[in-house]
Amino acid sequence: MTTTTGATTRTGAFGTARTRVEGREKVTGAARYAGDIPLPDLAHGWMVLSTVARGRIGSVETEAVLAMPGVLTVLHHENAPRVNLDYMGMIGPPDPILGVFQNDRVPFMGWPVALVVAERPEQAREAAEALVVRYDQEQHDSAFFGGHPDMYTPADSPFGPAEATKGDVEAELAASTFVVDAEYTTPEEHHNPMEPHAATAHWDGGRLEVFDSNQGSTMVAAELAQIFSLDPASVRVRSEHVGGGFGSKTVRPHQVAAAMAATMLQRPVRVVMTRRQMFSTIGYRSPTAQRVRLGADASGRLRVLDHRSECVTSTVHEFIERSATVARVMYDAEAHHTSDRVVRLDVPTPTFMRAPGEAPGSFALESAFDELAEKTGIDPIALRIRNEPDRGPVSGLPFSSRNLVACYEEGSRRFGWADRDPRPGVRREGRWLLGTGMAAASFHSGAGPSTSAVTAEADGTFTVRINAADIGTGARTAITLVAADGLKVDPERVRVVIADSDLGPAMLAGGSMGTRSWAWAVAIAVDELRGRLALGGDIPPEGITARSDTTEAIGALAQKERHSFGAQFAEVAVDITSGEVRVRRMLGIFAAGRIVNPLTARSQLIGGMTWGISMALHEEAIRDRASGGLVSPDLAGYHFAANADVPLIEADWVDDPDPDDPVGIKGVGEIGIVGAAAAVANAVWHATGVRHRNLPIRPDRVLSAGTKVAEPGHAG
């Protein structure tokens with residue numbers, strides 16, 4: 001295990017390595033997930049999904065199914081209660097897939113068409129598989145490719161403009177000494193958290209209660225209230241433990257279906273999605289087709305950066321994979337253009353997936369930068385440093401902090417970059433070609449309004465209440481350390497209560513904003529509590545509670561470019577006989593604010609880097625044009641990095657406190673994957689002399705592309 005580089009010295013709990021406060025519950029099996037909550041008279045629902053990619057439901061033949069053992073009801077478009085989708089949620093208008101069983105329209109394969117509810121899950125599954133649904137099928141189009149004639153530029157959104165331009169791109173390109181003009185593609189990718197999506201709904205004293213696996217119960221409760229036209233106070237959502245989310249665990253059809261069935265049957269209903277169902281109902285990362293044009297002068301200084309990306313969305317809901325956005329903060333140029341375009345196809349709606357936009361965008365941009373380094377003959381790190389901006393290249397805003405050069409320097413030293421022979425294809429061990437590569441990383445650092453309450457108990461302990469979500473990131477532990485540090489007490493004296501919408505509104509666990517948002521709220525409440533305790537006096541039996549709401553403070557933040565940064569390094573070996581690529585070692589050095597808990601932060605970064613290996617070499621969902629569905633939508637057909645594919649990975653950081661944050665933190669959840677695939681791809685080029693611009697770098701692609709290296713015994 002590595003040591004923290006340049007970490008800020010503190011005397012309190014903040015910044016000390018701590019095992020998870022809920023660790024014992026998890027390893028002993030005591031931790032309860034959404035599919036584990038015991039409720040009396042519990043019924044089980046099983047989703048039935050469409051088997052056609054476009055059309056209408058002709059009939060749902062329920063008679064035989066209703067006669068099967070244990071079956072209680074079959075919900076479909078002819079008998080389901082009506083719901084409301086005319087509202088604006090936390091992250092935009094709702095996806096129409098949440099309006100389950102509202103009409104006979106089928107916009108893609110895997111659209112929910114029915115819910116079979118039975119006494120036991122086995123009965124529900126058997127009946128669901130026996131249910132006959134007939135369709136009036138229509139011709140569909142599910143084929144994504146760059147330059148699709150129906151591609152369009154979407155409207156601007158709260159996530160930023162779809163297109164941004166500065167200077168004359170074509171004129172600067174024409175005046176450039178060195179030019180890179182290349183196209184890159186990334187495939188459709190899927191989240192696949194360890195815990196499948198699950199929800200258990202029931203009515204308790206006139207309130208709809210849902211035990212759910214989600215990334216923010218504030219959002220889920222608010223949207224369920226809107227969907228069912230309920231008073232927000234009459235909906236409660238809890239998620240005691242969550243086994244991964246990666247952007248997918250927001251509001252999905254299974255929660256709506258469970259609540260709908262619980263309302264109709266007036267008994268608790270649980271709906272757990274299967275792995276195959278998750279491939280069409282919870283979103284995914286859109287495939288992308290990207291073109292990057294870089295123009296530089298004789299010294300390697302950029303004259304132009306032009307990054308254009310195209311992605312896919314469904315015909316019923318618009319989601320944009322903003323892959324070009326990462327280029328807006330990475331490198332300066334006289335002319336700068338970025339755009340994200342999209343095409344509507346008969347496919348499920350994509351959604352946020354770990355480092356949405358930045359992960360695929362960084363593959364294209366950082367690969368192109370490596371190509372520019374090759375053309376100019378300048379070291380890839382030196383070229384990047386030469387093009388470091390002092391302000392936002394497009395926005396013109398100052399950076400809250402930008403310690404990317406420090407990441408380059410520390411990473412270069414630790415990885416041994418100076419000893420690298422820049423020539424491709426000169427290192428060889430038998431049939432293995434060896435190469436090294438690097439890439440830069442950036443991910444925005446935001447914060448969302450949150451409320452919290454901190455109570456000094458009469459027994460000398462403290463209770464923190466905040467509607468945070470721990471999706472496996474160690475959020476409970478981080479909040480414990482932030483509170484203990486502010487209170488100047490041992491962490492064992494702090495108890496944290498989270499993941500209950502009754503605790504009040506708080507930011508969801510997404511966009512690497514969770515811990516930062518929650519820590520901000522807790523820090524403010526702790527400061528107020530310390531002030532009240534300083535007045536002296538005994539603590540009453542009910543305790544002394546201080547509350548906080550960060551809405552005003554976050555709204556008052558000055559406009560700046562706020563991001564975490566990083567430098568990724570990879571060494572690969574390529575088997576010239578089989579085309580197999582093995583990553584031998586990886587190093588990531590990050591500037592991600594002050595680190596609350598080095599133990600869990602390092603785990604998050606290593607997890608992201610592992611996913612980057614998977615993205616570079618394995619992950620690829622293939623859509624069948626004839627059916628409109630996926631080929632092998634399961635973990636047998638969807639390949640990802642296994643233990644044997646993951647080498648020694650080191651993740652560390654440089655000192656990088658955010659001066660505008662009361663705790664000084666940014667976020668580590670997503671920066672680890674950004675640039676990782678590009679570092680691997682650049683290392684493959686260094687090993688073989690052949691550039692791979694299409695992910696994943698499969699063995700067949702390596703073999704078909706060949707290598708540009710010397711014969712054994714003649715390598716330099």
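**Strand 17 and its surroundings**

Modeller: In this predicted model, the hairpin of strand 16 and strand 17 has 2 residues between the strands, and Gly430 takes a positive phi near 60° there. Strand 16 covers residues 427-429 and runs antiparallel to strand 17, to which 3 bridges join it.

Strand 22, residues 563-575, pairs with strand 17 in the antiparallel sense over 13 bridges. Within this pairing, Leu433 stands opposite Val574 of strand 22.

The structure holds 10 aromatic pairs. One of them is formed by Tyr331 and Phe369, whose ring centres are 4.0 Å apart with the planes at 20°, so this pair is stacked. Tyr331 belongs to the loop between helix 8 (327-330) and strand 15 (335-345), while Phe369 belongs to helix 9 (residues 358-376); the pair therefore ties together parts that are 38 residues apart in sequence. Tyr331 counts as buried because its relative accessibility is 0%, and Phe369 counts as buried because its relative accessibility is 0%.

A further pair involves strand 22 itself. The ring centres of Trp417 and Phe569 lie 5.8 Å apart and the planes are at 70°, so the pair is edge-to-face. Phe569 is in strand 22, and Trp417 is in the loop between helix 11 (404-415) and strand 16, so the contact ties together parts that are 152 residues apart in sequence. With a relative accessible area of 5%, Trp417 is buried; Phe569 is buried as well, with a value of 0%.

To return to the strand in question: strand 17 is joined to strand 16 by 3 bridges and pairs with strand 22 over 13 bridges. The edge-to-face contact of Trp417 and Phe569 then links strand 22 with the loop between helix 11 and strand 16.

Methods:
Residues are numbered from 1 along each chain as its sequence is written. This is a predicted model: local features need pLDDT of at least 70, side-chain atom pairs count only at pLDDT 80 or more; totals for chains, interfaces and linings use all residues. Side-chain values use heavy atoms; hydrogens and water are left out. Two strands pair if DSSP finds at least two bridges between them. Helices (H or I, at least four residues) and strands (E, at least two) are DSSP runs, numbered from the N terminus. Rings of Phe, Tyr and Trp (its six-membered ring) pair if their centres lie within 6.5 Å; planes under 30 degrees apart count as stacked, over 60 as edge-to-face and the rest as tilted. Buried means under 20% relative accessible area, exposed over 50%, partly exposed in between (1.4 Å probe, protein chains only).
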